[in-house]
Amino acid sequence: MSIWWSLHLRREAASVPLARRLLIGAMETAGVDPDVSFDLSLALSEACANAVEHGGAPAPGGTAGAYRVTAYLDGEKCRIEVADSGPGFPGPGAVRGCPTPRPAAAETDEHGRGLCLIRELADHVHLGNSPGRGGAVISFDKMLKWREGAPLLTA
C-alpha cells in the first residue's frame, strides 16, 4: 500500500507549518520512524519557505499566488516535490549545490541555508525548472525506516 497527497497553498508564511504538520501526521499514522519524519518535515519546511519567498510576484489584486506540495510514501521511500510559479532557478548549472566548505553564516542569519539543509537531510535532491510554464521545482527522496507493526507495511 502507498499513500500520496498534493496541496495547493498560498504563498504565505502560514502555509509552511501547515504543510509540515500534514506530512508529519501522515508519516506518524503510516508508522514511519520519528527521526526520518523529522528530517523530511524539516526539509519540506525549507522547500516551502523558499517557494513562499522566491516563488513569484503577487497575483493580480495583490494576492500572494500559490505553490504546490506533493508527497508520496511508497514502500521504502518518500518523495516530496515543491513547485512554484516564480522565475525558476538561474540558467543551467547555476545552482550546483552547497559550496564546500560552506561559507560561515552568522548565528543570526535567517537566509541562505535552505538548499544546503535539504541536501543534508535527504538522500537525493533534484533542483529544476517547470517545463513550459516556468517556476522552480525542488524534489527530494529519503529512504524510510518503519516502526514495528507500521500500518502501511501490514496493509
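The model is predicted: local features need pLDDT of at least 70, side-chain atom pairs count only at pLDDT 80 or more, and totals for chains, interfaces and linings use all residues. Residues are numbered from 1 along each chain as its sequence is written, and side-chain values use heavy atoms, with hydrogens and water left out.

The chain contains four helices and five strands; these are DSSP runs, helices being H or I of at least four residues and strands E of at least two, numbered from the N terminus. Along the sequence they follow the pattern β-α-α-β-β-α-β-β-α. Of the 155 residues in the chain, 38% are buried, where buried means under 20% relative accessible area, exposed over 50%, and partly exposed in between (1.4 Å probe, protein chains only). The chain exposes about 8,900 Å², with carbon and sulfur atoms supplying 55% of this area; accessible areas come from the Shrake-Rupley method with a 1.4 Å probe, and for residues only the protein chains shown count as cover. Among contacts between residues at least 6 apart in sequence, 67% join residues at least 24 apart, a contact being heavy atoms within 4.5 Å.

The five strands form an open sheet in the order E1-E2-E3-E5-E4, with antiparallel pairing; two strands pair if DSSP finds at least two bridges between them. Its edge strands are E1 (2-10) and E4 (124-129), each of which pairs on one side only. From one strand to the next, the twist averages 10°; axes are lines fitted to C-alpha atoms, for helices over the stretch in contact, and angles run from 0 to 180 degrees between N-to-C directions. Strand E1 is joined by nine bridges to the antiparallel strand E2 (residues 66-74). Within this pair, Trp5 stands opposite Ala71 in E2.

Helix H1 (residues 15-30) packs on the sheet, where it touches E1, E2 and strand E3 (77-83), and its direction makes about 170° with that of E1. Helix H2 (residues 34-54) lies across E2, E3 and strand E5 (136-143), running at about 175° to E5. The 21 residues of H2 reach 30 Å from first C-alpha to last, close to the 30 Å expected at 1.5 Å a residue; the expected span is 1.5 Å times one less than the number of residues. At the start of H2, a side-chain oxygen of Asp33 reaches to within 3.0 Å of the backbone nitrogen of Asp35. Just after the helix, Gly56 takes a positive phi of about 125°.

The buried residues of H2 include Val36, Leu40, Leu44, Ser45, Cys48 and Val52. Their cover includes H1, E2, E3, helix H3 (114-121) and E5.

Why does Ser45 count as buried? Ser45 counts as buried because its relative accessibility is 11%. Leaving aside neighbours within four places in sequence, Ser45 is in contact with Val16 and Arg20. The side chains of Ser45 and Arg20 are joined by a polar contact of 3.2 Å, that is, a pair of N or O atoms within 3.5 Å; within protein, one must be able to donate a hydrogen and the other to accept it, and residues adjacent in sequence count only if both atoms are side-chain atoms.
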